[in-house]
Amino acid sequence: MKSCPDYRMTRRTMLGATGATLFGLQLRELLAYADTASQTKAEHVILFWNGGGMTHLDTWDPKPGRPTQGEFNPIDTSVPGIQISEIFPQLAQQMHHCALVRSIAGTQGDHGRGTYNVQTSYQMTPNLIHPGFGSVVVHEKDKMSELPSFVSISGRAPRASYLGQTCEAYFVGAPGEKDPYLAFPEGITQVRGNSRLEVLERFNQRYSQKNPGESNVATKTAIGDAVKLMRSPALSAFELDKVPTTMLNRYGDNTFGRGVMLAKQLVETGVRFVQVNRGGFDTHSANFPAMQAHGDVMDPALASLVEDLAESGLLKKTLIVMLSEFGRTPMINEDAGRDHWANVFSCFIAGGGITGGTVIGSSDEDGYEPKDRPVQVADLHATFCQTLGIDPAKEVMTPLRRPMKLVDNGTPIAELFA
Amino acid sequence: MAKLVRRNFNWLRLSSSCLLPFVVLQAMWITSEYSLVKAAEKKSGKSSSSDVLKAATNELSADHVSGGSIDEVLNQENVTRGVKTAPLPLVSDLAFIRRLSVDLIGRIPTTAEIEEFESWPEAERRTMLVDQLMSDDRFVDRWTTFYADLLRLRSNAEGGAAAIAYIHRSLADEVPYDELCRQLISKNGKAGAVPEVGFILGDGADPMAMAGVTSQVFLGIRVACAQCHDHPFDVWKREDFYGLAAFFGKTRRVENQFTNTIYTTEAGDTLVLWPPEGVGKPEERKPMEPRFPFAMLPEDHPSVVRLNARRKALAAEKAALLAQQSAEVDTDDVLDDLLADADKKVEQQTRKEGIDESLEEARTEVRKIGRTGGRNTTSEWRTELAEEITSPRNRYFSRCFVNRVWNELIGRGFVNPLDDFNQNNPPSHPQSLDYLADEFVANGYDLKTLVRMIVTSDIYQRGHTDIAEESVRNELEESFLALPHRRMNSEALYDSIVIAGHLFGVKHEAGKNMKTVWTETRVPKQPGGLNSPLLAGGDGKSMKREMAAADSEEPLPGYSLESAVELDFDALLEENPEDLVAADDEGEGVKVEQMRAMSKEEIEAERMRMQAQQNSFSYIERFVRQRIDDNPSFISSFRMASPADSEHFLRVFGQPERIQLGETRDHAPSMRQALMLLNGRLSHEAARVGELEPIFEYLVGPRKNIEKAVELAYVEVLTRKPTSQEVEEGVEIVNTADNSLNGVADLRWVLLNCNEFRFVP
């Protein structure tokens with residue numbers, strides 16, 4: 001019920017908020033906003049989606065010396081005073097580019113609901129689907145290249161829903177693998193395929209002359225866009241065969257490493273939003289060997305990505321976020337596993353103009369509840385929006401002509417823009 | 001014309017005598033001459049100005065028009081609207097058979113069907129075709145999809161697949177629409193076993209959600225906004241919403257974690273309290289009384305009278321039949337026969353398996369209990385709601401459905417959006433809408449009668465305008481003098497490509513298309529290491545093709561987006577006697593299940609046991625070289641699990657996700673659609689020529705005749721003969737290819753991809 005906006009209330013609260021700002025009550029925030037507004041905004045997002053609920057204690061929020069610590073030790077990072085789990089030794093050296101939020105106060109301990117909430121900022125409701133963050137970004141930001149604006153690698157992204165079909169993700173099953181729909185079918189040569197397209201254009205032109213109307217024009221545009229994409233040199237950004245072996249080995253020659261490599265290439269070619277999916281974090285049993293294995297794969301890839309983007313200067317314009325639907329229980333269960341835990345969990349952020357070497361909030365000493373500065377899921381979304389210069393309170397219409405905000409009422413985390 | 005004048009005069013007299021305290025601005029959206037009785041008023045005894053408005057909304061047009069046809073009523077309305085333009089002429093026979101086939105059976109006609117149609121007497125062939133297509137099995141398949149969209153049934157939701165199968169069977173059995181809706185609204189029971197509950201389980205049987213769903217889906221009234229506040233631009237108050245939700249207040253969705261079953265049942269108390277949470281003090285919140293807020297027609301409305309007469313006649317007929325039979329046999333046997341009849345397919349199957357008669361009798365008995373229900377299999381409050389919603393006196397119900405069917409066939413509703421009937425959104429042709437709605441009611445809510453009325457009208461048979469000027473085109477289309485262009489819906493498009501390409505069966509000779517493919521399979525290996533399935537997507541080159549391998553039903557990996565699992569409607573409705581025993585038991589509902597439920601500890605132990613089992617398996621990925629005969633065939637998309645996967649052909653072409661309320665099919669073209677048809681496997685295979693299809697003999701051997709091949713390609717794909725220029729052009733395309741088979745494939749690929757193919761003529 002919370003997500004249903006009350007018309008009168010909305011208007012009243014909006015008025016109230018405006019008034020407050022005018023009278024200088026939020027002066028600090030106003031100044032902070034003016035500051036960030038003058039900065040260059042982020043243009044791209046790489047979202048790492050860790051499906052299953054990644055443990056916060058064995059990654060970003062270690063609890064050394066506590067019964068909930070588990071098998072990993074914390075290590076120092078390039079930022080004095082910030083420690084992370086030993087499963088990320090290389091990434092630790094890039095911490096000055098990165099920020100951690102350690103006090104996300106989640107509400108949903110179920111995979112479906114948690115995923116929905118973290119990916120959309122809204123709570124699941126029975127008969128309305130809210131768009132995922134990727135769709136929000138491509139809805140608000142213009143297309144930069146011939147490539148699709150929103151690409152999802154190794155898994156599905158949430159639906160665009162009422163933002164429309166153009167905001168859906170383009171789906172890449174396995175990084176580096178050719179999409180069969182981007183080339184003529186097997187056995188059709190380029191010459192033959194191209195002459196087919198020419199004839200098709202002639203046929204459609206004749207039909208359009210006899211049958212004027214928008215739908216014909218739009219179909220023509222769709223075919224035009226498709227052919228443009230098929231022929232685009234930018235398509236090589238989807239290929240990984242030309243990546244030097246040394247480079248690939250640095251990221252890790254595995255599905256995730258290649259996915260990160262691909263994400264980097266896509267962003268460099270002008271793709272707005274890349275979501276890289278990875279599963280296997282639902283560690284109800286044997287949590288520690290599983291997380292060590294995850295670390296072995298994730299650490300080199302993430303560290304190399306941050307390092308390379310920082311070096312090329314693209315990191316400032318690229319927001320990197322790693323999210324999961326919730327954290328895991330501080331107490332270790334009988335199977336040496338950890339179960340679902342939404343009360344507090346962490347997220348990793350880098351680039352996009354945020355202040356590196358920052359830690360926002362904290363959990364209590366055992367990692368059960370937020371201690372300082374609790375952050376709501378919607379606050380995270382509002383923060384991401386701010387890096388991109390998107391107004392999180394902007395309203396769009398649902399099929400029922402009900403106005404919905406891009407983000408469910410979050411406030412940006414000002415400390416990240418200090 | 002004389003008739004029209006008389007009617008108008010009639011209307012003027014009536015409306016001027018009707019002194020209602022408000023004015024409806026839209027000239028043609030006329031207030032009522034009937035004195036209306038509001039269901040809610042009877043109960044609450046209150047009446048407010050908003051009630052009067054609601055009453056008016058329910059009575060859109062002045063006249064009950066009976067007799068005549070939809071053509072006459074609509075023409076008269078256009079005259080009154082001041083439309084002077086002449087309608088477009090009716091389309092040709094060939095365009096008609098293509099249009100009607102797509103609309104009624106969800107695919108374009110075959111050459112054989114076209115020839116048969118053309119062999120019929122010219123004056124009768126169109127009505128003969130309507131009859132033929134309506135009795136086709138595919139009519140049921142195609143319209144099941146229409147209902148599944150309307151009701152937002154999802155085959156992957158709780159009880160969703162069974163619900164779709166139930167709709168399919170109900171359509172095959174010609175169950176009236178009102179009866180079908182009553183079952184969906186009122187039934188309780190186990191997901192799957194009682195297929196009707198799939199409808200309310202789709203929204204988790206949540207009272208608030210169901211209030212919005214039932215009003216919008218069945219009545220076309222959007223009260224969902226009124227959940228949190230009085231409707232911003234309509235008359236609905238928050239209290240109306242809560243009164244509606246209250247009908248679902250006692251219904252509970254129950255989940256048995258261990259047996260993994262889900263069911264709905266009735267509890268003693270209601271979840272819906274008034275005033276709403278956060279308004280007033282918590283202790284002041286009282287159980288909300290169910291209250292149906294929508295206005296009703298009087299009992300003596302002609303459509304109601306006609307329906308009652310029809311029902312009486314039908315009942316008499318049935319009684320006479322029973323009496324006649326009971327003279328010959330025992331009445332109990334007749335009843336048993338009737339029940340058995342309702343499930344003849346199951347019966348046939350069990351007979352085949354040689355199960356003896358006594359067991360069959362026992363099953364029928366059990367089924368009877370399950371079907372007719374103990375007291376708890378239906379909800380008392382929801383039964384009341386179902387009666388209100390489907391009452392012939394409730395015009396919203398018939399109007400909403402008729403408007404949808406009209407839109408489905410004509411390409412534009414009288415009211416748009418289809419499910420937004422409100423004062424500020426009057427119908428373009430209120431009398432025509434009400435004419436159809438009343439006929440629908442009077443004919444016993446029969447879908448086929450309604451569809452027949454529409455498709456045999458001149459309106460349905462009109463052409464599209466070629467006038468480019470938008471205002472002129474709009475006027476023609478808004479007045480239904482020309483039909484708007486519409487693309488085939490995704491399922492019809494898919495099936496039309498399949499039928500045009502002869503792909504429902506194989507078309508190549510065995511062994512002619514041998515191919516070597518490398519597929520990857522997962523082989524379980526002994527316990528150990530980090531390669532556990534928990535780490536799917538982990539490291540190692542061998543995991544590279546995981547996604548493709550997981551989906552590969554198809555011989556060729558990478559194209560899984562064009563195939564899907566077929567739903568077996570009959571198997572889905574086959575009953576497990578245990579389900580039904582559990583659902584009865586002296587009104588105790590599904591108690592048996594609850595008793596079988598395990599404690600939390602037991603569930604946890606079970607989960608851990610399963611997890612351990614899972615952990616003890618891990619897999620290695622192996623590439624396997626295979627020789628396959630690439631000779632594909634495709635199934636009908638109307639039989640696929642639906643909605644399909646989000647990247648699937650059907651979804652890309654607009655099949656809705658069926659979750660959001662108010663979602664309609666998005667027919668906007670997209671780049672994805674273009675890629676799917678330009679480069680997809682379906683269109684490629686459809687274009688390729690097989691030795692077993694008729695066109696082959698015109699391309700190879702003594703009967704070679706490229707002109708005839710081109711002609712046949714046009715008829716098969718576009719349902720028309722090519723012009724002489726088109727023949728010339730086609731022959732050139734075929735002749736410039738390296739061989740005539742490839743040439744025809746090129747031509748057919750173009751025909752399948754062109755706009756003429758996907759737009760309904």
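Modeller: I will start at the domain boundary in chain A. Six residues of domain 1 of chain A are in contact with six residues of domain 2 of chain A (contact: C-beta atoms, placed from the backbone, within 7 Å). On the domain 1 side, the touching residues comprise two nonpolar, two polar and two charged ones (nonpolar: Ala, Val, Leu, Ile, Met, Phe, Trp, Tyr, Cys and Pro; charged: Asp, Glu, Lys and Arg; polar: the others, Gly among them). Domain 1 covers 27-177 + 239-417 and domain 2 covers 179-236, bounds that come from an automatic or database domain assignment. Over C-alpha atoms, their centres are 37 Å apart.

This is a predicted model, in which local features need pLDDT of at least 70 and side-chain atom pairs count only at pLDDT 80 or more, while totals for chains, interfaces and linings use all residues. Residues are numbered from 1 along each chain as its sequence is written, and chains are lettered from A and ligands numbered from 1 in the order in which they are written.

Now the sheet of chain A. Its eight strands form an open, mixed sheet in the order β6-β5-β7-β1-β8-β11-β4-β12. Helices (H or I, at least four residues) and strands (E, at least two) are DSSP runs, numbered from the N terminus; two strands pair if DSSP finds at least two bridges between them. On average, neighbouring strands are turned by 15 degrees against each other, direction ignored.

Within the sheet, β1 (residues 44-50) and β8 (residues 318-324) of chain A run parallel and are joined by seven bridges. V45(A) has L319(A) as its bridge partner in β8(A). Helix α11 (residues 377-388) of chain A packs on the sheet, touching β4 (98-104), β8 and β11 (345-351), with its direction at about 165 degrees to that of β8(A). Helix α5 (residues 133-140) of chain A lies across β1, β5 (150-153) and β7 (273-278), at about 170 degrees to β7(A). Axes here are lines fitted to C-alpha atoms, for helices over the stretch in contact, and angles run from 0 to 180 degrees between N-to-C directions.

Chain B has 36 helices and nine strands, and 45% of its 761 residues count as buried (buried: 20 or more other C-beta atoms within 10 Å of its own; exposed: 12 or fewer; partly exposed: in between; C-beta atoms placed from the backbone). In the largest nonpolar core, of 171 residues, L436(B) and A713(B) touch the most other members. Such a core is a set of buried Ala, Val, Leu, Ile, Met, Phe, Trp, Tyr and Cys residues joined through C-beta atoms within 7 Å. Helix α19 (residues 395-410) of chain B gives the largest share, nine residues. A second, separate core has 93 residues, among them I153(A), A263(A), F273(A) and F384(A).

L712(B) sits in helix α33 (residues 706-718) of chain B and is buried because 20 other C-beta atoms lie within 10 Å. Leaving aside neighbours within four places in sequence, L712(B) contacts P694(B), I695(B) and Y698(B). A713(B) touches I695(B), V744(B), L747(B), R748(B) and L751(B), not counting residues up to four places away in sequence.

Key: Two residues are in contact if their C-beta atoms, placed from the backbone, lie within 7 Å.
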